[in-house]
Every structure is written in C-alpha cells, then in structure tokens.
Amino acid sequence: MSLDYLDFEQPIAELEAKIEELRNVGNDSNLNLSDEIERLVSKNEALTRQIFSNLKPWQISQLARHPLRPYTQDYIERIFTDFEELHGDRHFADDAAIIGGIGRLQGRPVMVIGQQKGRNTKEKVRRNFGMPRPEGYRKALRLMEMAERFKLPVLTFIDTPGAYPGIDAEERNQSEAIARNLLVMARLKTPIVCTVIGEGGSGGALAIGVGDRIMMLQYSTYSVISPEGCASILWKSAEKAAEAAEAMGITSTRLKELGLIDRIIEEPLGSAYRDVDAMAARIQAALVESLAELDPLSREELLEKRYQRLMSFGNFKA
Amino acid sequence: MSWFEKLMPSRIRTESAGKRTVPEGLWTKCTSCEAVLFRTEVERNLDVCPKCGFHNRMSGRRRLETFLDSEEREEIGADIEPEDVLKFKDSKKYKDRLAQAQKATGEKDALVVMKGRLKGRPLVAAAFDFRFMGGSMGSVVGERFVRAVDCCLEERIPLVCFSASGGARMQEALFSLMQMAKTSAALARLREEGIPYISVMTDPTMGGVSASLAMLGDLNLAEPKALIGFAGPRVIEQTVRETLPEGFQRSEFLLEHGAIDMIVDRREMRARLANLLSLLTHGAPPQPDPEPRPGSEEAGGESAGEDDGQNG
C-alpha cells in the first residue's frame, strides 16, 4: 500500500502494481504475457473510469490535495516560455508560498502569479505549505500593478489551504494584504484570468482570485473554509469533514451550476497527476481561449463587466 | 429558596416574590472590572463601563441610533432578506438558525444601514450586529453594504461602517466568500470618486470581514481593546503551538503595528468622526451637539480618562 495513493485509489494502485510485476516477469523471461498485460490494462482503465465517474465531494477534496498533484511550477514550465521569476514585495521579504513572473503564452507576454506548495518536507516548509504571508500577497499586488502598466494580462493559479494564520502574519496585517488585493483586482485595467488548480482555500485563495474569467480544474475545490474547519466549527468535530464538503458544495461542477465559476477544465483519466503534460496543454488552451474572448473588449467594457459580475454574486429575497 | 426556608412550614413561610422592590435587570455587573452598575447609567454611557471604560458590544441598530443625529434617518436595504438556496444543514438547518437569529435580534440579517446625518452633515452609516450569527457576512450583508456604497456614490456623501463580525457566513459557503470581493469592488469605486470611507472596527472584527471592507477605510479606526485580525486566536495557537503574547490582536496592538489610524472611545465617536469627515471634505468645523445626547459629555457621561491619550 503506497502512501502516495488515496484510499479509494488503492484498487487502481494494486492493479497497476500487478501490471508492473507482469511486465518485469515478461522482460526477464521468454514468456509472452502481452495478452494478459493488455487485458489487465484495459481492466484497470475501466476500473479507474468507474471509480472516477462517481466521486463524492470529500473524495474530490482529497484529490485536490493529492500528494502527487501538479503544482503551479509544474504548469508554468509546461505552459509558458521564456519565463522569468520576479521576487519580493519591496517592503519586507520574498514569500516563497507565492511565485510570480513574466513569460510568454504562445508567444504573447503575460504576467503569471500563483501559490506554490512544496513536494518534499524541506520544500514544503520553505513554501509554507502554500500558505502565503502578507508579503506574498503584496508581491502579487506589485506584479499585478506592473502588469497593468505594461499591458500584460494577469494569469493566476490558485492552490492554497488558506492565508497563513501565524503571529507574524497578523503583525504585518494579513487582513489588509488580502483586502487590498480584492480592491485593486476589481479595477485593474488589464484582463485577469484565474484558474483554481488544486485547493481554493478561502480568503487566501480569493486574494489572487478576482478576475474576468474564473476557471477550475475538474477535481479542484473552492470553498469559504476547509471541510475540516467547517466541520469542527459547525459540527464540533473535524471527523464530519465529508459531510461539510457535501453541504458546502466545493466542487467545480457544483460551483459551475451555481454560476460562481465560468469554466471547468477537464482532467485526464485518474486526475491531473496521471498526465501532467496533457493537463497543462488543456489549461494552456483554456487560457488562450479566455484571453481571446476578453481581448476585443475595451478597458471600460472589461472593467464594467467584471464589476457587474461581482455585484451579481449573492442570493436574497427582495 | 434557601434550605432554611424549605424547612419552614408553609404557614409561616412568607412569599418573597411579591415583596421584591428591586426589579430584574436594574443592576448590571461590568464583565471587565466587575463593578456593580446601575443599568440605565451604563446605557446612558453608550454601554461603556463608567468605572473602567470597558466597551460592551452594541447591537447594530442601537449603534446607528446613538451615532446618527435623531432627525432624518432612513434605513437602506431593509427589504432584503436572506434566502437559503443551498439548503445548508449542519447540526441544524441554516433556515432554522436564521429564524432563531431573527427572532432573537428583531433584525433580518447582520448588517443595518441608514442614511442620516452626523451633526447636520449627510452620510450613510452601516453597523454589524454581532448577535446575528456572529455578525457573519452572507449575501444580505454584502448586498446591503453595496447599496450603502451606491447611495454614497449617488449623493456624493461619506460612508461610515462599524464592523463586528466573526467573518464570512459558512452556511452560505462560496457565496459568502464572494461577498468579500463584491464589497471591496464597491469600495474601489467609492475611492475612485474621492468619497471618504471611514471604517470603525469594534469587538470583534475577524476573518473575511476584516480581510475586506473593514480594512479598506481611507481611515481605519478601532474602539479600545477590540479583537481585530484575520485568523482567530485559537486557530493561530493551534498552528504555531505557542501561547499568544498579551494583548495580541487587540486595537492597541494594531495601532502599534501601524494597522490602524487611531483608537477612538465610543463616547467621543460622534465628535471625532464629525471632525475627521469635515476635514476630509473641506467642511466647516462641526459644532458641539446642541442638546444632550447619550454618552456625550453634555449628558454627564464620564470622559474617556482610562485610555492614556491613545485616542489621538
């Protein structure tokens, strides 16, 4: 049993291990096992399809945080060319939990900003588990304002459990850093396309998530609080996380139904990590299409549409 | 009934209930200094303890009624009511939680907005009601706030908001989160038009409200000793696994760290805000209130002696 697989993925992992074993046996001996391997491969595909056709919100929230899930940098490498990372908020520090820089999207210069998680323990700590501090948000703000000056579209990648809840973050006014980004992004005079690639954790996600197009990868989540957090407050038990995930409607399909996001980018069979190149190609295509839709708009139209969209959020009886 | 009274045969027992001379609730105890106080005196002092200056929480409506001039008040967005489109249910149904909060507070939701006057000067004031589901921000709060901003844009008058909130309302899920973006976008327009917005943070102002409309004032003010921050103290303690420093996330801490412009005693709120707004809008200096108002010095409330001059 591998720690890299979620419990509902175990049957798939087991079958894959068996296939791998047969391949090794086949290579080492003269036995022809290709028929048997082929049979298992197609069985595995059917099994994966079956498991993934019926995922619960809680399972999707685990996929969004899967240890093998591609992070912002994995996509930057595959989607953009000539990328130059830019560092620092010019006031306090460079926050490694948010990365940003300029690069080309099919030849066109763009500003890219995204939360970054770490892959191994050391990297996880350095990236603070993808939880930005105020300086991270202020770096993002600086890059966005620069993008406006140089007429570069802003493309953000959202993947965070939330803004960092720490003493130092509070001392440097985490609230203000987030609020300021919401204020500026609402009126930034350049197209903004936001893509939730993993975890869309609350205000920490929204702080780089206000834009003209909001997209979500199929198995990403976006919520006001983590299922565990919600469960421990409203159910008084973090074990009710599955129920909380269900109640909050945190999945891409649910949020699309509710009109809160514009587009779902379908993931490869078995989720994004199974084929990162294919995933990146699909994101790239969606980004190009989104920008093509936004390009014909004048700056005034762009801002007015963005504003009206924000104003439309909410349900009430009047 | 004491054990002694219980022992007495009913013939000689005198019922004490009818003889009570002090009605329930005439006296109150300060939660901070534990002084026993005459309730009407505390109310006259704007719910601030006359002995130690502790600022008790205030309902949204009472806040606006004590802050605005008594004439020419007009409520904005009172017709908007919450709607449970997600059919959210945790240990309780959201619908039931709403009904309960509405019954307990007499409000439809956690934000009250009024157009009115402050020392004769027109403005729009909004106030959160912490009793209503922890002052949490959902669709109604967001919409009412935006209507407040719209009114300010239309009439070119300033906005004042008194916040008291635990953050976004979980029962409205992502719709609540989007209220942060919605209210901030409206404030961006107010800013573009050069119309002043003063945010007054009161105890407590946390989470999504703190990380949106509350921190976006041209001036950010706070009442003394209010808890203000993004993450709650318990969450931070669990994350960093150390005890938090004394006074952490209190108004005085924020002032020291440069997060707010000043701390203002509630009893001086009218005078100070009138002065600030007149300065920002090139108006004439405001006059003292002609008739005694609750909490004002003319009404005999004690002045804010306990705050070490931190107000300025």
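Strands are DSSP runs of E with at least two residues, numbered from the N terminus. In this predicted model, P204(B) belongs to strand β8 of chain B, residues 197–206.

**Backbone geometry**

Most peptide bonds are trans, and most residues other than glycine have a negative phi. The bond from D203(B) to P204(B) is cis, with omega near -15°. Two non-glycine residues of chain B with positive phi can be described here. For D47(B), phi is about 60°; this residue sits in the loop between α2 (39–44) and α3 (60–67) and is buried, at 11% relative accessibility. For R156(B), phi is near 50°; the residue lies in the loop that separates α5 (139–155) from β7 (159–165) and is partly exposed, at 49%.

**Salt bridges**

Over all chains, 45 salt bridges are counted.

| Pair | N to O distance |
|---|---|
| E143(B) and R147(B) | 3.0 Å |
| D203(B) and R250(B) | 3.6 Å |
| E268(B) and R272(B) | 3.3 Å |

D203(B) is partly exposed at 22%, and R250(B) is partly exposed at 32%.

E143(B) and R147(B) are both in helix α5, four residues apart, or about one turn. E143(B) is buried at 11%, whereas R147(B) is partly exposed at 27%. In the remaining pair of the table, R272(B) is partly exposed at 22%.

In chain A, R133(A), E135(A), D168(A) and R172(A) are joined into one network by salt bridges with shared partners.

How values were computed: Residues numbered from 1 in each chain as written. Chains lettered and ligands numbered in written order. Predicted model: local features only at pLDDT ≥ 70, side-chain atom pairs only at ≥ 80, totals over all residues. Heavy atoms only, no water. Buried < 20%, exposed > 50% of the residue type's maximum accessible area, 1.4 Å probe, protein only. Salt bridge = Lys/Arg side-chain N within 4 Å of Asp/Glu carboxyl O.
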